[in-house]
Amino acid sequence: MERYFDFSYAGAFFWGIAVLFGFIGWGRLVAQLVSKETAPKAGWGLQAVWGMAVYLFVGGTLAVFGACGELAITLLIGIGLSIMAWTTVRGGWPGKASLAALPWMAWPAFAVVALQYAGGVCWQGNVNACDDFAAYFNYCEKLLASGSFDDPLSWRRLASLGGHTLLQCSTLSKSSYGNIQLFELGLCPVILLGLLLGFRGGALRRSPLGVFIALLAVTTPILRVNTSSHSTGLVLLLGLFATLDLMERTDSRRRLLVVAGLVGAALCSLRAQDVAAAGGTLGIFWLASWIRDRLPPKQALLEAACWGGALFVALLPWMIMGIRSNGSPLFPLFPGDNSLAFNPQGIDGSLYAKLNFPLKMIVEPMLLPLLLCLMAAPEWRQGLAARAVSIAAVLTSLLLAYGLSMAPDDMTVPRYVQPLLLAGALAILATAAVSPRRRMAAWALGVVLLLSNIHDRGRDLMYHYMALAHPSKLVMPYPKTVIADYREAQLLIPEGRRALICGDFPFLFDHARNPLWNIDLPGGASPAPGLPYKKPPEEMKRYLRKLGIEYVIFVDFAESMQLYNRAEWQKTAQGDVPLWKHQAPFYLDFFDTVDRLSTTETVLGKVGKLTVLQFKP
């Protein structure tokens with residue numbers, strides 16, 4: 001019960017540091033495999049990114065076989081810690097020269113990051129009941145308990161390969177759901193700082209401009225409304241840039257291209273839009289390198305095979321799980337089990353509306369300064385990596401704005417594209433900061449970035465401080481009796497039997513006891529021929545039984561906290577948000593169908609707000 005209810009600050013604090021060192025350890029191993037000279041040039045921030053990529057590949061492979069549970073995650077972090085300790089001992093203890101080389105000038109940035117990490121351990125802000133409680137927390141729980149997380153009836157699972165879930169579980173494995181944002185809000189700023197201060201052998205940490213850019217980066221308030229991937233995408237995309245930039249300055253070009261493919265695969269595993277960002281960055285960089293260096297076709301194709309092959313192999317475990325769960329290796333490139341009846345892109349066919357939205361996004365106050373940073377980009381021959389990541393970020397952002405033109409609020413698109421544009425802006429500024437002819441432009445644009453949202457930066461830091469000041473008052477939004485209700489309701493089902501679950505807190509079920517399939521958006525995703533819509537209840541019963549589902553556990557639709565509340569969806573059906581109006585009939589039809597089934601099938605019992613239903617033979 002500790003993971004679901006109790007909040008442990010000290011345990012989560014030190015385990016988060018262990019996870020960071022574990023990733024650095026795996027990254028050091030990658031650096032040693034590339035070349036002995038790579039490790040000191042990479043720096044600990046880039047090593048942490050490489051370690052994240054290895055962790056996601058190995059963890060994803062284990063998850064294919066249902067073996068990436070809590071024990072496996074702990075072992076992966078433990079192995080990374082062992083590598084970290086081993087390489088540190090082999091390198092010898094730091095002497096006076098090493099201490100003198102420490103980035104003492106950057107102490108303000110380290111002080112800010114320390115506050116962010118300490119507050120990030122216990123900050124529960126931006127938790128969304130509809131997204132997090134009903135889906136994202138459930139994926140973490142299923143992975144920790146069963147070693148994998150197939151969910152064929154979950155639309156949110158279809159839209160995410162699952163890499164972010166595994167990163168969340170790296171800290172959640174030894175903490176509670178009160179700490180679930182530790183990776184996003186605590187560890188990512190630390191890794192981001194390491195990436196920037198370690199850029200080009202630490203060139204940025206030796207100049208006031210470099211420290212300013214680092215402070216600018218870690219204090220940028222990330223737009224978010226839930227616990228999905230935001231900062232993790234920023235860190236991995238910037239890590240991909242740093243890898244490509246390092247490759248330009250070493251003799252291990254092909255090996256680092258393999259590493260770049262590994263990092264690109266890690267980025268792709270986070271969110272659907274990151275596939276375009278990663279593929280675009282690698283593709284633009286490769287094509288531009290071919291043109292710039294006039295590479296022979298054979299050599300160019302060999303380099304493409306290096307990064308393309310590494311990306312495919314490292315992403316393969318996540319694609320296999322995507323096919324097994326929702327019939328799609330890469331959504332939305334392959335629709336998979338996405339229901340054609342539920343098609344948000346068909347809500348409004350107006351080309352004007354779809355083209356107008358990207359233009360509005362460009363002048364968004366939170367995003368325009370990021371685009372202005374392109375003005376500081378050095379010539380493409382000297383800043384090819386920065387150019388590649390920034391162009392890919394802009395193109396991906398415009399495609400997202402076009403595809404999400406019917407988003408339910410003005411924050412949806414900005415929060416999706418901000419990490420991409422921020423990564424591109426930081427890549428440009430970091431490259432410009434080490435270019436004598438571009439430093440003044442970097443200073444000027446950095447000041448513009450700072451002033452454009454200085455109030456939000458201060459407020460964000462204050463939130464971290466306030467969370468740190470009251471960690472003992474952090475509680476989950478349900479009492480222990482609710483946990484007992486969920487477990488008691490599940491005991492009415494025989495162990496090992498599959499069930500469809502529809503509750504406010506599905507992560508409170510014991511996913512090791514039964515294979516449980518969650519339905520977070522009725523009709524959004526379901527295996528062919530699709531969940532019946534506006535059909536007699538008997539057809540839904542027949543459909544679910546073909547999937548091997550004989551039991552249903554559902555919340556009282558009149559008393560659900562939010563997502564499964566009938567009254568809320570009846571209001572939404574009459575509202576003015578096109579996307580939600582499109583979703584409402586699917587929810588209401590599902591509620592009515594389940595209620596009718598409860599009058600004709602066997603009700604095994606009612607526990608709290610939950611009803612347990614068994615289909616008759």
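Analyst: Gly608 takes a positive phi near 60 degrees in the hairpin of E4 and E5, which has two residues between the strands. Helices (H or I, at least four residues) and strands (E, at least two) are DSSP runs, numbered from the N terminus. This is a predicted model, in which local features need pLDDT of at least 70 and side-chain atom pairs count only at pLDDT 80 or more, while totals for chains, interfaces and linings use all residues. Residues are numbered from 1 along each chain as its sequence is written, and side-chain values use heavy atoms, with hydrogens and water left out.

User: How many bridges join strand E4 to strand E5?

Analyst: Two strands pair if DSSP finds at least two bridges between them. Here five bridges join E4 (residues 602-607) to E5 (residues 610-614), and the two strands run antiparallel. As an example, Val603 has Leu613 in E5 as its bridge partner.

User: How should I read a pair of helices, and at what angle do the axes of H1 and H2 cross?

Analyst: Two packed helices are described by the angle between their axes and the distance between the axes. The axes are lines fitted to C-alpha atoms, for helices over the stretch in contact, and angles run from 0 to 180 degrees between N-to-C directions. The axes of H1 (residues 9-34) and H2 (residues 38-64) come within 6 Å and cross at roughly 115 degrees. H1 and H2 are therefore roughly perpendicular to each other, a term for angles of 65 to 115 degrees.

User: Which residues of H1 and H2 make the contact?

Analyst: Contact means heavy atoms within 4.5 Å. Among the residues that make it are Phe23 and Trp26 of H1 and Trp44 and Met52 of H2.

User: Is Met52 buried or exposed?

Analyst: Buried means under 20% relative accessible area and exposed over 50%, with partly exposed in between (1.4 Å probe, protein chains only). Met52, which lies in helix H2, counts as buried because its relative accessibility is 0%. Leaving aside neighbours within four places in sequence, Met52 is in contact with Phe23, Leu167, Phe183, Ile191, Val235 and Leu236.

User: Where do H6 and H8 meet?

Analyst: The axes of H6 (residues 129-146) and H8 (residues 163-172) come within 9 Å and cross at roughly 65 degrees, which makes H6 roughly perpendicular to H8. Tyr139, Cys140, Leu143 and Leu144 in H6 meet Thr165, Leu166, Gln168, Cys169 and Leu172 in H8.

Conventions: Angles under 35 degrees count as roughly parallel, over 145 as roughly antiparallel, 65 to 115 as roughly perpendicular and the rest as oblique.
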